[in-house]
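My entries follow the structure.

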Amino acid sequence: MIVVLTVLCTFSGGLLAALRNGTQEKIDNQQLKFVKGPAISAILEGASNDPIADRFKLKDAGVEKSFFVGVFNGEANTVAFESFGKGFGGDLGVMVGINIKDDKIVGVGITTHSETPGVGSRAKSDPAFAAQFKGLPLGDPYKVKSDGGQVDAVSGATQTSRGVAAALTDAGETYKRLKPQLAEKLKSVAK
């Protein structure tokens with residue numbers, strides 16, 4: 001009985017592992033298309049290329065990050081990548097678009113969250129919240145106004161707003177570390 005149970009468990013585990021490995025690429029493509037894609041499209045609106053197709057990966061502190069390229073006026077000068085912050089309900093995925101010529105934010109979009117519907121979730125759906133970041137220099141630490149910073153918090157969702165601010169601060173640090181590699185990669189995309 002123990003041998004039969006061991007064989008069944010081993011077979012089942014192997015079958016599940018093979019199924020997961022076989023569908024991982026489809027899962028990743030679905031996430032790009034339906035979870036990250038809308039934020040990328042909104043941030044890099046007007047790009048003459050397909051940012052999802054023109055992407056590359058770089059390692060930062062042992063973690064592989066995807067960077068999405070935006071080509072404007074024939075020049076690959078904008079990248080978008082995801083950063084994370086801690087919101088009220090858990091981790092917040094924040095897609096940040098940056099113009100590498102002037103190191104300024106071109107757009108921000110929330111990709112994933114577990115925030116309270118109708119309260120913290122408004123950080124994703126409120127265009128005024130995301131618009132306040134456009135044109136700001138990336139590099140300064142971001143904080144909500146109640147903490148002495150420059151970010152207008154979503155009403156009733158200060159913790160969510162702090163999470164977005166933390167994600168932007170983290171994105172700035174990542175960008176500073178990887179800017180030389182990003183500039184080099186963008187040269188190859190422009191060709």
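**Salt bridges and cores**

I began with glutamate 82, which is buried (under 20% relative accessible area, with exposed over 50% and partly exposed in between, for a 1.4 Å probe and protein chains only), its own value being 11%. The model is predicted, so I noted that local features need pLDDT of at least 70 and side-chain atom pairs pLDDT 80 or more, while totals for chains, interfaces and linings use all residues. Residues are numbered from 1 along each chain as its sequence is written, and side-chain values use heavy atoms, without hydrogens and water.

I then looked up the partner of glutamate 82 and found lysine 36, in a salt bridge with the closest N and O atoms 3.3 Å apart; the term means a side-chain nitrogen of Lys or Arg within 4 Å of a carboxyl oxygen of Asp or Glu. Lysine 36 is partly exposed at 23%.

My search of the whole structure gave 8 salt bridges, including lysine 145 with aspartate 152 at 2.9 Å, N to O.

Next I looked up the largest nonpolar core, which has 34 residues; such a core is a set of buried Ala, Val, Leu, Ile, Met, Phe, Trp, Tyr and Cys residues joined through side-chain atoms within 4.5 Å. Helix H4 gives the most to this core, with 9 residues.

Technical notes:
Helices (H or I, at least four residues) and strands (E, at least two) are DSSP runs, numbered from the N terminus.
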